[in-house]
Structure formats: structure tokens, C-alpha cells
Amino acid sequence: MIMLASDVSAIGHRPLGRSGLSAGSIGLGCWAIGGFFTLDGKADGWGEVDDEQSIRAIHVGLDMGASLIDTADAYGTGHSEEVIGRALKGRRGEAIVATKFGYTYDRAKRALIGTDVRPSYIEQACTASLQRLGTGHIDLYQIHVGELSHDQADAAGETLEKLAETGAIRFWGWSTDNAAGAKRMVKFPHFVAVQQELNVFTNGPDMLAMCESTDLASLNRSPLAMGFLTGKFNPDTRLPDDDVRAAGHSWVRFFEDGRPRADYLRRLEELRELLQTGGRTLAQGALGWLLARSPSTFPIPGFKSEAQVRENLAAMQLGPLPAAIMAEIDALLRSGPTGVDRPAGGR
């Protein structure tokens, strides 16, 4: 049975776990504004971007109450962080800056080349991110590698606690879909958030239950299913080769060979009317589903334009989907031989 967040104010801020901080209930996901880069020799970005437009879009987001800005040093091999640093000049106090570490990269080739979570590398990566972001501290520093051994996780946690004690970071978290692994980290006092894949198609009840029981924030990556839940795709859509959704990565579930999967298109049509409740767009309905899903959630939809930011953040004003609509969506997702599963994993 899905728990709802009907007691959470539709407009305004939510507590960021046990950090004592609060943030706008919908944030800004900054993967796309990093521009082109590769992973395993395949495109891992969303094509080329206009940095000036990205900066304007971040300013729009701040004006509309999106205080949580999430990025990673991997996105554009540092470029996303640099753009955010430019955008926050004179406005740093309005933002809760979250970034990630753990993927190593070749900036000249704009390529991710491996992973590293050793203590010495964490300190090195943190210093580099601080410089690119142009800030004296990172509000939420997140492990980007989704699976770690217990020894790796504990060593990383100890290092991150030391960084918090020095003031280089305020709090830290982990981008993972491993609820049991994340629960082990609660023993560290500055561990306050998990970033999990969560959207209408991809449920994560175990992680959400763990976040609620331990007072952790749940940052929701891929809240629009890599754009699928905007409704802008049809069977004839073919994405360009420099788009991560067309690159052939095994973890890209919603698209195949750059085309939207037919089973997900069918399922979206079944959900369309429910998600558009109250005059919402499909994207706003999908974000409203996440706001209603739990009081711990913070959807962080990506963007490449000011218009996308305005549409996404208007979902804060519209608020969580009503409980009756959530129940109908839940029943629909559990029924029917559509071939769509609801896995808890993801990148």
C-alpha cells in the first residue's frame, strides 16, 4: 500500500532529512547542462547545451523557489559544476548545492574512465568541485557509485565525516538504490540523504520506507523517466546519437535504440488522464505523484531551457496529486499484462 504525503504543504519547503536544512520540494537536476561526455565510449550526456541559457534557467529556478541544485563532477566532466558556479555568483545563499563524486574522468576527452572512492581521492575530488563551483562549502556531497563493499562504504563515510568537521562539506549522502547498504550509513551523523531512482514507472518502496524511518531525505533522480513522462515522444521519435537515451547503455530502460519503448508508451496513455488531474501537464502530474508519494521526497527533474524549469516548478504550486488519484494510479500500475515492470534499481 502506498503511503501518501497529504500532510505536507503543497507550496514551500520540506525538511532535508535530519540536516536541519529545508529546501524547495522540487529541485533542479543538472546532468543535462553538463553537455556532451562519454561513458564506456558511448554518449552519457544529453547533447550540446547553451551555457548562457542554462544560467538563465537556474536563475528562473531560484526565483521560483527551487533551492536544491543537484549535480556531479561527472556531468560534462566538471562542466555542469562550472556553469552552476557562474550562475550562483551573488546568489550562493539562495541555494543548497548538492554534488557527487566517485567517477574518474579525462577532462580533455570529456570521458568518464573509472571509479574511485578511496579517502585520498574523495579529498582530491572535493577540492576540485569546490573550485569549479566557486564556493567555500558543498551543502550535500554524495557518493555517486551505487554499489560499494562494506569496507569501501565505511572508509568513505569516515572521510566524509572528516570533511564535514573541517567545513568543506555540510552534509553528505549516497546515490544508490541499495536500501540495506544505505541504512548502514545512518550511523554517521552527517549522512542525511539518499538519491534514488524514483518515478511513476520505477517504484522504490523499500528505500522510501527506510528514509522515512531514519529521517533521511530521498532525492529522486530520473523523476520524469528520462523525459518519457513529459509525453513528448511517439512511436516515430528517434533521438540523436549524442543523446544518452540513444547511446545503447543497458541501464536506459525507457528507450531502445534511441526510440521510446512501445510498452511504456502504452502504459503512459493509460495513465494520461489521471496524471493530468487538475489541469496539470503530464510532467507536472508525474512530479505531483512524487510529492504525494512520501514526505521525504525531492524530485530533481533535469532541464535544458527556462521553459522546462517553469513547467516543472509550477508543480509545486499545483501540489501533490490527490489521494484518490494516487490510489487509481497504483491500482492501474498493478494490473494489466502490459509488460512493464517496476524495478527498484537503476544508474
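In this predicted model, the axes of helix 7 (residues 262-275) and helix 8 cross at roughly 80° and come within 9 Å of each other, where axes are lines fitted to C-alpha atoms, for helices over the stretch in contact, and angles run from 0 to 180 degrees between N-to-C directions. Helix 7 is therefore roughly perpendicular to helix 8, the term covering angles of 65 to 115 degrees. Leu268, Arg272 and Leu275 of helix 7 make the contact (heavy atoms within 4.5 Å) with Leu282, Gly285 and Ala286 of helix 8. By class, this contact of helix 7 with helix 8 holds 4 nonpolar, 1 polar and 1 charged residues, with Ala, Val, Leu, Ile, Met, Phe, Trp, Tyr, Cys and Pro counted as nonpolar, Asp, Glu, Lys and Arg as charged, and the others, Gly among them, as polar. Helices are DSSP runs (H or I, at least four residues), numbered from the N terminus.

Residues are numbered from 1 along each chain as its sequence is written. Local features need pLDDT of at least 70 and side-chain atom pairs count only at pLDDT 80 or more, while totals for chains, interfaces and linings use all residues, and side-chain values use heavy atoms, with hydrogens and water left out.

The largest nonpolar core has 101 residues, of which Tyr141, Ile143 and Ile329 touch the most other members; such a core is a set of buried Ala, Val, Leu, Ile, Met, Phe, Trp, Tyr and Cys residues joined through side-chain atoms within 4.5 Å, buried meaning under 20% relative accessible area with a 1.4 Å probe and protein chains only. Helix 8 (residues 282-293) supplies the largest share of this core, 8 residues. Residues up to four places away in sequence aside, Ile329 touches Val200, Leu271, Leu274, Leu275, Trp289 and Leu321. Another core, of 14 residues, lies apart from it and includes Ala193, Ala217, Leu219 and Ile300.

Cys211, in helix 6 (residues 205-214), is buried, with a relative accessible area of 0%. Beyond its neighbours within four places in sequence, Cys211 is in contact with Val194, Leu216, Ala217, Ser218 and Ser296. Its C-alpha atom is separated by 9.8 Å from that of Pro295, 84 residues apart along the chain.

Helix 1 (residues 51-63) and helix 9 (residues 306-318) pack at an angle of about 20°, with axes 8 Å apart, and are therefore roughly parallel to each other, as angles under 35 degrees count. Gln53, Arg56, Ala57, Val60 and Gly61 in helix 1 meet Glu306, Val309, Arg310 and Leu313 in helix 9, and the residues of this contact divide into 4 nonpolar, 2 polar and 3 charged.

Technical notes: Buried means under 20% relative accessible area, exposed over 50%, partly exposed in between (1.4 Å probe, protein chains only). Helices (H or I, at least four residues) and strands (E, at least two) are DSSP runs, numbered from the N terminus. Angles under 35 degrees count as roughly parallel, over 145 as roughly antiparallel, 65 to 115 as roughly perpendicular and the rest as oblique.
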